[in-house]
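This briefing concerns selected residues of the structure shown below and the packing around them.

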Amino acid sequence: MKVYLSFFLLSAALVAYMWRDTFDPESVRGARVLITGASSGIGEQMAYHYAKFGAQIIITARRLEALKKVAQKCVKLGAQKMMYMTGDMSDPADPERVVKYAVEKLGGLDFLVLNHVGNTNVEFWNRDADHVRSLMQVNFVSYTQMTAAALPVLETSAGSIIVVSSMAGKLASPFVAPYTSTKFAMNGFFGAMQSELAIQKSNVSVSIMILGLIDTESAMNKIRGFSTMTAYPASEAALSIIKAGASRQKEAYYPWFHYFTCLINNVFPFLKDLVLSGLSMDNKD
């Protein structure tokens, strides 16, 4: 027991040191930023924060009118440059098209913020393999397509790729099998990219942001009746993502304590089985 306690205390000290706030707002001023999934939720909040920091921003999502409203507010908040374009990441041609537009309009790129997510239900898997395939295109394959298109430009600017992931990509979660599979794929791919870029001595950084439950309207509607977990503010999550990317952290968590959630799961994997066993017994009653 003392060994485990010492291990967790040492881990806590290391985490506190690694995740100390070194963010300098000036590092983002004038930066050229492309944000996906920015018509609402976390993407929308990131756009507002980047605007306050004086960045040059392009936002993309499927809904034109929602993008227009976000863009108008960003201008008022202080964005140096503000543009928007629609993009449907289920269309294999759109990821590259969006990146090319951003590079052309901004004259380069400093931050590629990959945040978009496809629609899926919270339920037992209904054996719909086609849905898994289509969700993979939106939540994962399009991320790799945009990365491929942006890497040459980011090499020139010593830029950063910010990947918005989830605890569902760390802990296999029931009721969201298609979604969690896309997040595991994302974490694996971009984790490998970090290693490959380091081997190649690239000056491009990749930051993977692991989020817990966030209080976006979409998330709250989906989990109703399935979870009573505390949801955390989208605005705070958005700022945490920006800070992690600007300080070139390889991996960061919001809320921060989910690092220990993952750590405990890795050390004591049987705990999740006990919890699920309890849920199964409740369903039989």
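Ile-57 is in contact (heavy atoms within 4.5 Å) with Val-33, Ile-35, Ala-47, Tyr-50, Ala-51, Ala-79, Lys-81, Met-82 and Met-83, leaving aside its neighbours within four places in sequence. This is a predicted model, in which local features need pLDDT of at least 70 and side-chain atom pairs count only at pLDDT 80 or more, while totals for chains, interfaces and linings use all residues. Residues are numbered from 1 along each chain as its sequence is written, and side-chain values use heavy atoms, with hydrogens and water left out.

**Nonpolar cores**
- A nonpolar core is a set of buried (under 20% relative accessible area, 1.4 Å probe, protein chains only) Ala, Val, Leu, Ile, Met, Phe, Trp, Tyr and Cys residues joined through side-chain atoms within 4.5 Å.
- The largest one has 38 residues, of which Ile-35, Met-46, Tyr-50, Ile-57, Ile-59 and Leu-211 touch the most other members.
- Another core, of 33 residues, lies apart from it and includes Leu-34, Met-83, Leu-154 and Ile-161.

**Gln-56**
- Strand S2 (residues 56-61) contains Gln-56; strands are DSSP runs (E, at least two residues), numbered from the N terminus.
- Gln-56 is buried, at a relative accessible area of 14%.
- The side chain of Gln-56 reaches the backbone oxygen of Gly-30 at 2.8 Å.
- Beyond four places in sequence, Gln-56 touches Gly-30, Ala-31, Arg-32, Val-33, Gln-80, Lys-81 and Leu-106.

**Leu-114**
- Leu-114 belongs to strand S4 (residues 111-114) and is buried, with a relative accessible area of 0%.
- A distance of 6.0 Å separates the C-alpha atoms of Leu-114 and Ile-162, which are 48 residues apart along the chain.
- Not counting residues up to four places away in sequence, the residues that Leu-114 touches include Thr-36, Tyr-143, Ile-162 and Phe-190.

Notes:
Helix = DSSP H or I, 4+ residues; strand = E, 2+ residues; numbered from the N terminus. Buried < 20%, exposed > 50% of the residue type's maximum accessible area, 1.4 Å probe, protein only. Polar contact = N/O pair within 3.5 Å; in protein donor to acceptor, adjacent residues only side chain to side chain.
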